[in-house]
Amino acid sequence: MVFIIKNSYLNHKETIHNFTWRFLQIFGKQGITFFIFVLCAKLLSPYDFGVYNYILAVIYLLIIFGDFGISTATSKYVAEYNATDKNKLKLVLFNSLILIVSLGIIVTSVTVLFGSYFLYDKYNYVLYALPMLFLAPISSLYDGIFRGLKRFKELAIIVLSVGLISIIFVYLLVLNYGLIGALISQSLFYLVLVLALFFVYGNLYFQLDRQLMKTILNYSLIIGISSIAYFLYSRVDIIFMGYYGYVEEIGYYELINRVFTLMMMPFVMFGQVIAPNITKYYSMKKYSVVKLKFKKYLTYSIFFSTVIVIATYLLYPVIMASFLNEYYTQDFIIIINILLPLFVIKAVGGGIITQGFTTPTGYAFLNMKILLFTGLLNIILNYIFIHLFGFIGVIYATFVVLLLANTTLIAICWKSYMSK
């Protein structure tokens, strides 16, 4: 038994080590971000907490337009050029930064000039978080570069350190300035993270390469449209609830959504860890290897996601009643009981397949088509269901689109990869 475990470890040593460091890195960013999120829930009133999440939903939508898939596309080309063209690799960061900063300026200008016509009394709050339109995409860009180069250890140390430090200033800002402090702390977190990544990575070659920019932009357009579609089928729910006055309910929904985000961490991380190798095998036309790994990783993800669902169902009542009792309402229980069973297919489709296979092998357009259809469907269902059932109608719509999107993706990818 010991021999089998040791042999298995040696055969997958690189993946295990990279996954371990990737886990620490994601914990530093997502885990600590979740802690900050819960801290805000405790320090803010339920109404202000709802407004806080509504503003962040608007900002995340704007960030999608400010990044438009460039950071994700960069990760693919970093892994590819690292194996095939070292000179081209040197130019990726600067040319990607040019694209992100240009888009950020456009999105920020449009928001400042016209935001008040759409956001009304929430407009001023959005202004406090506008720096995130530049900082969040740039941090994602560096994240993609470090992942593409498989520098998971350095990335983990940086993000974990910044995350731990940020808890201090977030607590002080929220405690002293309430909702405004919570929004400012988000931008400050990303600022510190970007500066740390900049100084550690260092290599910035100031040379424009229009062909490289075109290559990155062409692939990022597919991912960017997919990101918008993903927002429509997942995060647009918050916009609907805010528009129809269900502000406190936004807090319940986002608490559950953040729990699901934490639950997704191992699957997203593992997908990102295996992505560079999947890109390599696919570009070398070793389809039999990709096929074998696709089947194996899907089996693992189904097993472990089922275990996580069972554990969450047993533990969440105790945790909520102990730490966030004011949010542990009948509405909260109904929402989580509806959505929790879907986590298994979400982990497989949105985690392993999207992060580990479709995007790194150049099939991001598949995600785009599925998400675009289900995203538009979600808007229609949200509008219909919220009038029929109230805010819980948004949850029914979410259930339908999550089930449809992930089962479709799994079925198509299974047929595609298994037939090669």
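Q: How many helices and how many strands does the protein chain have?
A: This is a predicted model, in which local features need pLDDT of at least 70 and side-chain atom pairs count only at pLDDT 80 or more, while totals for chains, interfaces and linings use all residues. Residues are numbered from 1 along each chain as its sequence is written, and side-chain values use heavy atoms, with hydrogens and water left out. With helices taken as DSSP runs of H or I of at least four residues and strands as E runs of at least two, numbered from the N terminus, the protein chain has 17 helices and 0 strands.

Q: What share of the residues in the protein chain is buried?
A: A residue counts as buried when its relative accessible area is under 20%, with a 1.4 Å probe and protein chains only. Cys40, at 0%, is buried, and Cys413 is also buried, at 1%. Of the 420 residues in the protein chain, the buried share is 54%.

Q: Which residues touch the most other members of the largest nonpolar core?
A: A nonpolar core is a set of buried Ala, Val, Leu, Ile, Met, Phe, Trp, Tyr and Cys residues joined through side-chain atoms within 4.5 Å. The largest one holds 130 residues, and the members with the most such neighbours are Phe49 and Tyr52.

Q: Which residues does Phe49 touch, not counting those up to four places away in sequence?
A: Contact here means heavy atoms within 4.5 Å. Under that cut-off, and leaving out sequence neighbours up to four places away, Phe49 touches Phe37, Cys40, Ala41, Leu44, Gly251, Leu255 and Tyr327.

Terms used
Buried means under 20% relative accessible area, exposed over 50%, partly exposed in between (1.4 Å probe, protein chains only).
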